[in-house]
Amino acid sequence: MNKFRKSKRILKSTADYIDQLLETHSKIQVIRLDLGYTKEYANKTSLDQINQDMTHLLNNRRSKPSVFENMIGYIVKREYTEDKGPHIHSLFIYDGQKVSKDAHKGDQIGGYWNQITNGHGIFHNCNREKDKYAECALGMVEHADEAKRTALKEKAVAYLCKEEQSIDPIKLSGNERSFIRGIAPGIVTGK
């Protein structure tokens, strides 16, 4: 499958994932973070290392309720560039009925990233700059807000699904995936 078709398929299934989250929650809190490493450490960081650090962060959700309680989903895109080294663009999605302070929650996740990376990590909390976006797709997204749902899928999710930057230059085999997301909730239908 060529990269364009693969990117389109990932975008469609991820937009469906967002819709499924909003079918089971009346509103969601969307936090967008860029996670990486300090300049001097980024040049020495392997794909394996960033994978280990991200797996550590996601696997420790239960043991860090102050950070991850009420998280209902996530979307993670690993990338590599010469100047930043390996880095991650991510969306962390929380139950909007239970989490209201999106920028604060982003800072908590970023602080935990720095802890996991032993102080070599850096993060950028895009929710601290929501006013810079004409069609902001970050923060609270309500089930009935079609405009914000569309912006979330066509702006933030589409950015994560782009193929321009990838991990191809640092892949060790063909098995490494650059894109992962949480599991969609089951939709219960009534008769």
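Colleague: Let's begin with charges: which residues are linked in a network of salt bridges?

Modeller: A word on the source before I answer: this is a predicted model, in which local features need pLDDT of at least 70, side-chain atom pairs count only at pLDDT 80 or more, and totals for chains, interfaces and linings use all residues. Residues are numbered from 1 along each chain as its sequence is written, and side-chain values use heavy atoms, with hydrogens and water left out. A salt bridge here is a side-chain nitrogen of Lys or Arg within 4 Å of a carboxyl oxygen of Asp or Glu. The network is made of Asp19, Arg149 and Lys153.

Colleague: How many salt bridges does the structure hold, and are Asp34 and Arg32 buried or exposed?

Modeller: Buried means under 20% relative accessible area, exposed over 50%, and partly exposed in between (1.4 Å probe, protein chains only). The side chains of Asp34 and Arg32 meet in a salt bridge, 2.2 Å from N to O. The structure holds 7 salt bridges, and as for Asp34 and Arg32, both are buried.

Colleague: What is the distance between the closest N and O atoms of Glu79 and Lys77?

Modeller: Glu79 counts as buried because its relative accessibility is 0%. Lys77 is buried too, with a relative accessible area of 2%. Their side chains form a salt bridge, and the closest N and O atoms are apart by 3.6 Å.

Colleague: On to the strands: how many bridges join S2 to S3?

Modeller: Helices (H or I, at least four residues) and strands (E, at least two) are DSSP runs, numbered from the N terminus, and two strands pair if DSSP finds at least two bridges between them. S2 and S3 form a hairpin with 3 residues between them, and Tyr80 has Pro86 as its bridge partner in S3. The two strands run antiparallel, and the number of bridges joining them is 10.

Colleague: And what is the bridge partner of Val30 in S3?

Modeller: S3 is mostly covered, with 11 of its 11 residues buried. S1 also pairs with S3, in the antiparallel sense, over 8 bridges. Val30's bridge partner in S3 is Ile93.

Colleague: How far apart are the end C-alpha atoms of helix H5?

Modeller: The expected span of a helix is 1.5 Å times one less than its number of residues. Helix H5 (residues 102-116) has 15 residues, so it should span 21 Å. The model agrees, with end C-alpha atoms apart by 21 Å.

Colleague: Which elements do the buried residues of H5 pack against?

Modeller: Contact means heavy atoms within 4.5 Å. The buried residues of H5 include Ile109, Tyr112, Trp113 and Ile116. They pack against strand S1 (27-37), helix H3 (47-59), helix H4 (65-68), strand S3 (85-95), strand S4 (121-125) and strand S5 (139-142).

Colleague: What is the angle between the planes of Tyr37 and Trp113?

Modeller: Rings of Phe, Tyr and Trp (its six-membered ring) pair if their centres lie within 6.5 Å; planes under 30 degrees apart count as stacked, over 60 as edge-to-face and the rest as tilted. The structure holds 3 aromatic pairs. Tyr37 and Trp113 form a tilted pair, 5.7 Å centre to centre, with an angle between the planes of 50°.

Colleague: How many residues apart in sequence are the parts which that pair ties together?

Modeller: Trp113 counts as buried because its relative accessibility is 0%. Tyr37 lies in strand S1 and Trp113 in helix H5, so the pair ties together parts whose separation in sequence is 76 residues.
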